[in-house]
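Here is a friendly walk through one protein model, part by part. Please keep the sequence and the structure in view as you read.

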Amino acid sequence: MAVNLATLESVGKVYGTRALLDGVTLGVSEGDRIGVVGRNGDGKTTLIRMLARLEEPDSGRVTHSGGLRLGVLTQHDSLDPAATVRHEVVGDRADHEWAGDARIRDILTGLFGGLDLPGFPQGLDTVIGPLSGGERRRIALAKLLLEEHDLVVLDEPTNHLDVEGIAWLASHLQARRSALVCVTHDRWFLDQVCTRMWDVQRGDVHEYEGGYSDYVFARAERSRIAATEETKRQNLVRKELAWLRRGAPARTSKPRFRVEAANELIADVPPPRDRSELMKFANSRLGKTVFELKDVSIQAGPKQLLSHLTWQLGPGDRVGLLGVNGSGKTSLMRALADAATSDGDKQPTAGTVKVGRTVKLAYLSQEVAELDPEWRVLEAVERVRQRVDLGKGREMSAGQLCEQFGFGKDKQWTPVGDLSGGERRRLQLLRLLMDEPNVLFLDEPTNDLDIETLTQLEDLLDGWPGSMIVVSHDRYFIERTTDTQYALLGDRTMRMLPGGVDEYLQRRARIAEAAAAAVTPAATAAKPAGDTRAVKKELQRIERQLAKLEEQEAKLHAQMAEHATDFSRIAELDSQLRAVKDEHDELELRWLELAEDA
């Protein structure tokens, strides 16, 4: 019989006048792999903080088994800013000692791409203080995974990891013997890792057996049985269930849902997207040409990202772009956006981009656009348009679309300045769609969005008739919203992926194996000593420049926070920040090239 590790008994927690959790009783036993889901603000993080005894409940009690070894990854790390990565991760162990440990090698390679931490200014000897929040979280995660625990509690562990990093983390956690409780919005990750789900809703926590797919199936059946569930919510759940059942037959390692009941439930649900109908409508809105690239080359500073690319984005095409950081995904979208917004006058460094005459592009970048903090949510949307045509006779008012994006009637009167980062992201997306574009570029659209909002966005995009390019580390979102995937593998080409994300990961694994095989002692010995010294000297020079740029970036972020209400100053600082980031990216790419030579 499995030993109980941690228990919440009749736990309650109140913030202001709102009960986040009310009389919740839950337990975690040995071998449990629990995923925690729910809307932003409903209490997921509060729940796991109380489970880990980082926060006290207002009522009830939390108990741990005697001698429980607990590891926790919170959204704010406790790393020493004056320490180096080496000190925090491997401590005082000698290089030969930790490098000979297969577990340490696996974790460092999986989270950082190599034992020398490529991308960090001084590798393992980088001081933590100037690093970005994402880099610090990866260090905190590595430190936690290197320790032995009975129970691991993770809050958004996939943030700041790419598709490969997330796949590695899922595999690593599957192989660990410790119990796991994890808050994440990454649905593919939940399916791979978890065997139980906790759904935090309106003060209560509902338990489900299985991973995310199983949770969707069980929730859909529960919605059918519960007559009080609102129709719109039922339809959304049934629609996602239909997509899951028509996809891979075994998305989870331990499926527990009732397949017969699930199939009966979705018997009358059509496919998520009527592709032929959408293509017909997209043709009528866009004509035959959207983007045609001929012999195009794109570079960032001295680094050539794409060379002699000939490619076409047609009407109604839904494309997912995959690739490592720095391979050119965002640069390609920017080049297309520049060509579209400058009436074709602005062209890449080589080749031509032909843009359809009727193209109306909306580009969601990773930077959240600043809005007047005094505007109300509904006002910010209505300033774009009062009503929006969604195609096939569907029309929505600004208020209705706000509700679909999680801004209820009360929330629509909230000042923009009071919104969280995730809510601002939602509002930015909403304003883009309200402008009735026929081409969408989405660069990491899932950042800060909860699962329910993602499901609603996917539902909206299902009926959106236009062409779309999506760049995302959220594998589930890519597979759900796009029909074709392409890879930028860092060799200046773009390849179609008939096998989707799985094929991308296989290709990346083969590249890594080939690179490792190429680094032989003979090849190292063949390099002239003088060349090696020159390369190392250049690497040190670049590392110093990168450290200075990171300091500038931190100062600019601080100044932007200080002048949050001065829009002209924010615009000026944002321009400076972009220039610093571009220079940093160029130097980082150069560093990687030299590191390979060294």
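## The whole protein

The protein holds 21 helices and 20 strands. Both are DSSP runs numbered from the N terminus: helices are H or I with at least four residues, and strands are E with at least two. Of the 598 residues in the protein, 51% are buried, meaning under 20% relative accessible area, while exposed means over 50% and partly exposed lies in between (1.4 Å probe, protein chains only). Among contacts (heavy atoms within 4.5 Å), residues 24 or more positions apart account for 69% of those in the protein with a separation of 6 or more.

A word on how to read this: the model is predicted, so local features need pLDDT of at least 70 and side-chain atom pairs count only at pLDDT 80 or more, while totals for chains, interfaces and linings use all residues. Residues are numbered from 1 along each chain as its sequence is written, and side-chain values use heavy atoms, leaving out hydrogens and water.

## A six-stranded sheet

Strands of a sheet pair through backbone hydrogen bonds, either parallel or antiparallel. Look for an open sheet of six strands with mixed pairing, in the order β5-β6-β7-β3-β8-β9; two strands pair if DSSP finds at least two bridges between them. At the edges stand β5 (70-73) and β9 (204-209), and each has a single partner strand, so one side of each is left without a neighbour in the sheet. From one strand to the next, the twist averages 15 degrees.

Strand β8 (residues 196-201) runs antiparallel to β9, and six bridges join the two. In this pair, W198 stands opposite E207 in β9. Helix α5 (residues 133-145) packs on the sheet, where α5 touches β5 and β6 (151-155), and the direction of α5 makes about 170 degrees with that of β5. Such angles run from 0 to 180 degrees between N-to-C directions, and axes are lines fitted to C-alpha atoms, for helices over the stretch in contact.

## Helix α4 and its partners

On the α4 side D106, I107, G110 and L111 take part, meeting G165, W168 and H172 in α6.

W188 lies in helix α7 (residues 187-193) and counts as buried at 13% relative accessibility. Leaving aside neighbours within four places in sequence, W188 is in contact with I166, A167, A170, R475 and Y476.

E156 lies in the loop between β6 and α6 and is buried, with a relative accessible area of 7%. E444 lies in the loop between β17 (439-443) and α16 (451-462) and is buried, at 6%.
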